[in-house]
Amino acid sequence: QLPVPGSRLCLYEDGTELTESYFRALPPQTELVLLGPGESWRGCASDIERLLAAFCSQQDAVVEAARRLLTDEQAPHRQKLLADLIHNLSENILAEDKEDDKKWFEGLESRFKNKSSYLRHSCQSRMRGYMREVSGFISNVHPAAQDAYRGIIDLMADKLKSVKYNGCYFDRREEEEAARLCTAEGWFSCQGPFDRDDCPCKHSINPYSNRESRILFSTWNLDHIIEKKRAVVPELAEAVKTRDRREVNWEYFYQLLFTLDNLKLVHIACHKKTNHNLSCDKTRIYRKRKQTHEIS
């Protein structure tokens, strides 16, 4: 029904106009767009642009229409999609203080006045938990090495205190320190299982967005790539026991236990509980003592 003069055939993906020879070279099932005179197509980005424009201009109407469908529609899959839509459209990412997003703070202690303070506290609590596990392992350390083990625990504790138990990773007001883990807007991406470099399901979350996301984020895990209980802590205890005048490189163990050098943020479905079968780097367990030379 289109006039041949002025009509064009383009790739759906990026809007590239097709010649006859290019058309014949395309693989099967390539998606195409047929344009009439005066029409243009800039690729699939055009669809996204129109979708976002509709949401920005009609967001309240979209939410209300979705709510009506939720009460009437019986199909569970459609209900799930509509519930996710309402969830995403009810985000209040930029709000930081309690007065600007009271619903986000429902169920939390009154001492938390902004979102970053709560997420900082959650991170610090987890790091303190790791420290308690390291301290609690002392009963498994050889009696002759327990004092040296306590000394290393004290050094680690002092370092953790100096960096505020790594709570800066969840503080939007300290962008530079948090940049390794999240953006200023607060988005977190699943870094995938320990044996992969990416997340197969592309999980992502913004715990600052709404109350539901804040609660869901608490189920995400920090996964030790070289396992804390099976590898790092036992290796530390063994290193202290067999040091034989060598100096244990406690900072290497600190990195493995408490920093992103050995921690991956993963969705609960990507957190594999099986043995990682990874061990500490034997060349980094000890370090040379600093030698002092007398001047005669």
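The legends below accompany several close-up views of a predicted protein model.

Residues are numbered from 1 along each chain as its sequence is written, and side-chain values use heavy atoms, with hydrogens and water left out. Because the model is predicted, local features need pLDDT of at least 70 and side-chain atom pairs count only at pLDDT 80 or more, whereas totals for chains, interfaces and linings use all residues.

**View 1. The protein as a whole, with its helices and strands.** The protein has 9 helices and 8 strands, where helices (H or I, at least four residues) and strands (E, at least two) are DSSP runs numbered from the N terminus. Of the 296 residues in the protein, 39% are buried; here buried stands for under 20% relative accessible area, exposed for over 50%, and partly exposed for what lies in between, with a 1.4 Å probe and protein chains only. Among contacts between residues at least 6 apart in sequence, 65% join residues at least 24 apart, a contact being heavy atoms within 4.5 Å.

**View 2. Helix α5 and its buried side.** Helix α5 covers residues 146-162, and its 17 residues should span 24 Å at 1.5 Å a residue, which agrees with the 24 Å between its end C-alpha atoms; the expected span is 1.5 Å times one less than the number of residues. Gln146, Tyr149, Ile152, Ile153, Met156, Ala157 and Leu160 are buried in α5. They cover an arc of only 140° around the axis, which puts them on the same side of α5, the arc being that of the directions from the helix axis to the C-beta atoms. As background, an α-helix has 3.6 residues a turn, so residues three or four places apart point the same way. The cover over the buried residues of α5 includes α4 (115-136), α8 (228-241), β6 (247-248) and α9 (250-258), while the face turned away from the buried side carries the exposed residues Asp147, Lys161 and Ser162.

**View 3. Helix α9, one of the elements that cover α5****.** Helix α9 is mostly covered, with 7 of its 9 residues buried. These buried residues are Trp250, Tyr252, Phe253, Tyr254, Leu256, Leu257 and Phe258. Tyr252 also has a place in the next comparison, as its C-alpha atom is 9.3 Å from that of Asp281 although the two are 29 residues apart in sequence. Asp281 lies in the loop between β7 (263-266) and β8 (286-287), and Asp281 is partly exposed, with a relative accessible area of 34%.

**View 4. Residues with a positive phi.** Most residues other than glycine have a negative phi. Just after α5, Lys164 takes a positive phi of about 55°. Tyr165, in the loop between α5 and α6 (175-178), likewise has a positive phi of about 55° although it is not a glycine. Asn277, which lies in the loop between β7 and β8, has a positive phi of about 55° and is not a glycine either. Tyr165 is buried, with a relative accessible area of 14%, whereas Asn277 is exposed at 64%.

View 5. A search of the whole structure finds 9 aromatic pairs; rings of Phe, Tyr and Trp (its six-membered ring) pair if their centres lie within 6.5 Å, and planes under 30 degrees apart count as stacked, over 60 as edge-to-face and the rest as tilted. The rings of Phe188 and Phe217 have centres 5.0 Å apart and planes at 40°, so this pair is tilted. The pair links distant parts of the chain, with Phe188 in strand β3 (residues 188-189) and Phe217 in helix α7 (residues 211-217), 29 residues apart. Phe188 is buried at a relative accessible area of 1%, and Phe217 is buried at 9%. Elsewhere, ring pairs link Trp104, Phe105, Phe112 and Tyr118 into a cluster. The charged end of Arg214 sits over the ring of Tyr118, 5.6 Å from its centre, and Arg246 lies over the face of Tyr286 at 3.9 Å from the ring centre; a charge counts as over a ring if NZ of Lys or CZ of Arg is within 6 Å of the ring centre and within 35 degrees of the ring normal.

**View 6. Cysteines.** A search of the whole structure finds 0 disulfides, a disulfide being a pair of cysteine sulfur atoms within 2.5 Å. Cys190 is in no disulfide, and the nearest cysteine sulfur, that of Cys199, is 3.7 Å away. Cys190 is buried, with a relative accessible area of 8%, and Cys280 is buried at 4%.
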